[in-house]
Amino acid sequence: MPDPILAFVPLAAEVPPGTDIDSIVADVAESGVSAPSALRSDLQVVVQRAEEHGVDLGIVVMEKDPVHDSQLRDLATAVGTQDGGTVLVLSPGQVGSFSDTVSRVTLEAGQDRTYTGNPIVGADNFVDTLVGPQTPWGLITGLILVLVTAGAAATAVAKIRRHKARIISTSESDETERPSPSTPPSNTSGESVLDR
């Protein structure tokens with residue numbers, strides 16, 4: 001009997017084990033923060049600053065890193081789908097986020113600025129990214145599409161012109177190569193066949 005084929009199966013995404021999502025959702029709904037007591041007041045200032053700029057932010061701080069960094073994003077998603085808005089989840093060395101209003105590109109740009117070792121500074125940096133000037137990706141994409149379309153049209157026009165020029169030059173060269181019917185053929189002595 002042949003040996004069984006072993007296949008790699010990725011682990012299902014899930015929140016960190018032992019996490020009480022209902023308690024976290026209740027804390028975030030009440031104060032905008034679910035974190036150890038020593039960090040709460042400073043993080044609430046960050047949440048308030050985000051609100052002043054129109055961002056409904058909840059911050060969750062985990063005391064230790066989960067096994068998989070994706071678990072923090074799953075936790076942020078679980079909290080965000082219940083409470084709404086934008087959720088940032090920080091642990092000592094990992095980060096996850098969710099938002100029903102902010103693009104994933106902006107969230108990830110903000111996440112990149114949270115790796116400071118200090119959750120308050122990291123959360124502040126995250127808010128800076130969310131409320132700062134954003135790259136107008138829609139405008140950039142539209143501009144690229146216009147340029148590509150214009151380039152394709154110019155290429156098509158150039159090919160059509162080149163093809164027409166080739167046809168004209170071929171027909172002109174065919175006409176010059178044909179012998180004239182009014183000139184009788186001559187022999188090697190230069191006499192015409194009619195002169196004989």
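Which strands does helix H5 (residues 119-131) lie across?

A: Helix H5 lies across S2, strand S3 (86-90) and S4, and runs at about 150° to S3. Helices (H or I, at least four residues) and strands (E, at least two) are DSSP runs, numbered from the N terminus. Angles run from 0 to 180 degrees between N-to-C directions, and axes are lines fitted to C-alpha atoms, for helices over the stretch in contact. The model is predicted, so that local features need pLDDT of at least 70 and side-chain atom pairs count only at pLDDT 80 or more, while totals for chains, interfaces and linings use all residues. Residues are numbered from 1 along each chain as its sequence is written, and side-chain values use heavy atoms, with hydrogens and water left out.

The strands under discussion belong to an open sheet of four, in the order S1-S2-S3-S4 and with mixed pairing. Its edge strands, each pairing on one side only, are strand S1 (33-34) and strand S4 (95-99). Two strands count as paired if DSSP finds at least two bridges between them. S1 and strand S2 (residues 57-61) are joined by two bridges in the parallel sense. In this pair, Ser34 stands opposite Val60 of S2. Helix H2 (residues 37-52) also packs on the sheet, where it touches S1 and S2, and its direction makes about 155° with that of S2.

H2 is also a partner of H5: their axes come within 10 Å and cross at roughly 5°. That makes H2 roughly parallel to H5, the word for angles under 35 degrees; over 145 is roughly antiparallel, 65 to 115 roughly perpendicular and the rest oblique. On the H2 side the contact (heavy atoms within 4.5 Å) is made by Leu39, Asp42, Leu43, Val46, Arg49 and Ala50. H5 supplies Pro119, Ile120, Ala123, Asp124, Val127, Asp128 and Val131. By class, this contact has nine nonpolar, no polar and four charged residues. Ala, Val, Leu, Ile, Met, Phe, Trp, Tyr, Cys and Pro count as nonpolar, Asp, Glu, Lys and Arg as charged, and the others, Gly among them, as polar.

Thr106, Leu107, Ala109, Gly110 and Gln111 of H4 meet Phe126, Thr129 and Leu130 of H5. The residues here divide into four nonpolar, four polar and no charged.

Leaving aside neighbours within four places in sequence, Tyr115 is in contact with Gly93, Gln94 and Val95. The C-alpha atoms of Tyr115 and Pro92 are separated by 8.5 Å, although the two residues are 23 apart along the chain.

Last, the confidence of the model. pLDDT is the predictor's confidence in each residue, from 0 to 100. Its mean over the protein chain is 81, and 77% of the residues reach 70 or more. S2, one of the strands that H5 lies across, has the highest confidence, at 95, whereas helix H6 (residues 137-177) has the lowest, at a mean of 78. Over residues 4-13 the pLDDT is below 50, and this stretch has two contacts in the model beyond near neighbours in sequence.
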